[in-house]
Amino acid sequence: MNLSHLHYFTTLAEEGHFSNAAKSLFIARSTLSLAITQLERELGAPLFTKNGSAFTLTEYGQEFYRYASLALQDIETGKRSVAAMMDGDNGTLRLGVPFTMQNPDWSHMIRDFHEQGEISPNIEITQGFSEELLHELSVGNLDLTFAAKLPDAPAGLTFEPYWSHELVLVVNRENPMASQESVSLDELGGFKIFSYRKGSPLYDAIQPLAEEHQLELISCYRDEITICSLVASDKLALGLATYSFLIPAFTDVVCLPIKEVPRDFHQEYLVYRSDDSLSGVTLRFLEYAKKHPIPKGYLPH
């Protein structure tokens, strides 16, 4: 089976129009048509139905598309793996990181990794939330990522504990609670409390506490920046958020430790593909990061 034909087939399936697919492939329509005809002859099944100028996959085409796409992805992964093996420590590390981890300590760890060897590798940083970073890792767009461990994480990933941060109560500086040294969740009944949106890993971790202590959460927000901005704008509002270096930028809020919650409330991991042969630079960074952990994201006392 011709590899180019698989590429032509998946492109036509995604574009849905012959002219668009041929243009994106930089080939003539007749070349594309011949390739699809040969594939259908080889498979013994029609792959597309035509409706005007649009082409849609048949049930046979949909099934074949699944495997053709996976095959092309595997080939690209193999090409990158061989290139990384050839490059060794000179290769590029594609590294994912959540926004809240990129504090000065994390930056210093990256700097020291660059400086500790004779060869300084190229590191491409991708920022994001854990869900997105784990997906990018699973499809081969990242070599390694820092991320939370999600219950619905893609299969085939290895998680190694690396870092944690503390759950705190965010209070407006003019709220009477701001003078307290700490707070109990049992004190928060009846208050409006902003927190992370449903479906996020932090929502899943906080919700059992809310149910146990009968808290009324407004669970709509993706990050602590938004939570802090809402608390800063409302003297009576409260927020539950994990502490990060971003929070001190809000001078109108105070963070209080929570008595019932351990300081290592939310874990972040070093994550890589379990069945992947790690490139030299990826393996070197993995070992370096484990030997040089950054300080935990805990509220300063």
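Modeller: Quick definition before we start: buried means under 20% relative accessible area, exposed over 50%, and partly exposed in between (1.4 Å probe, protein chains only).

Colleague: Thanks! Is Cys255 buried or exposed?

Modeller: Cys255 counts as buried because its relative accessibility is 14%. This is a predicted model, where local features need pLDDT of at least 70, side-chain atom pairs count only at pLDDT 80 or more, and totals for chains, interfaces and linings use all residues. Residues are numbered from 1 along each chain as its sequence is written, and side-chain values use heavy atoms, leaving out hydrogens and water.

Colleague: How many disulfides are there?

Modeller: The count is 0 disulfides (cysteine sulfur pairs within 2.5 Å). For Cys228, the nearest cysteine sulfur is that of Cys255, 5.8 Å away.

Colleague: And why does Cys228 count as buried?

Modeller: Because its relative accessibility is 0%.

Colleague: New topic: what is the strand order in the open sheet?

Modeller: Its 5 strands run 4-3-5-12-6, with mixed pairing. Strands (E, at least two residues) and helices (H or I, at least four) are DSSP runs numbered from the N terminus, and strands pair if DSSP finds at least two bridges between them.

Colleague: Which strands stand at the edges?

Modeller: Strand 4 (122–128) and strand 6 (157–165) do; each has a single partner strand, so one side of each has no neighbour in the sheet.

Colleague: How many bridges join strand 6 and strand 12?

Modeller: There are 8, and strand 6 pairs with strand 12 (residues 266–273) in the antiparallel sense. Look for Trp163, whose bridge partner in strand 12 is Glu268.
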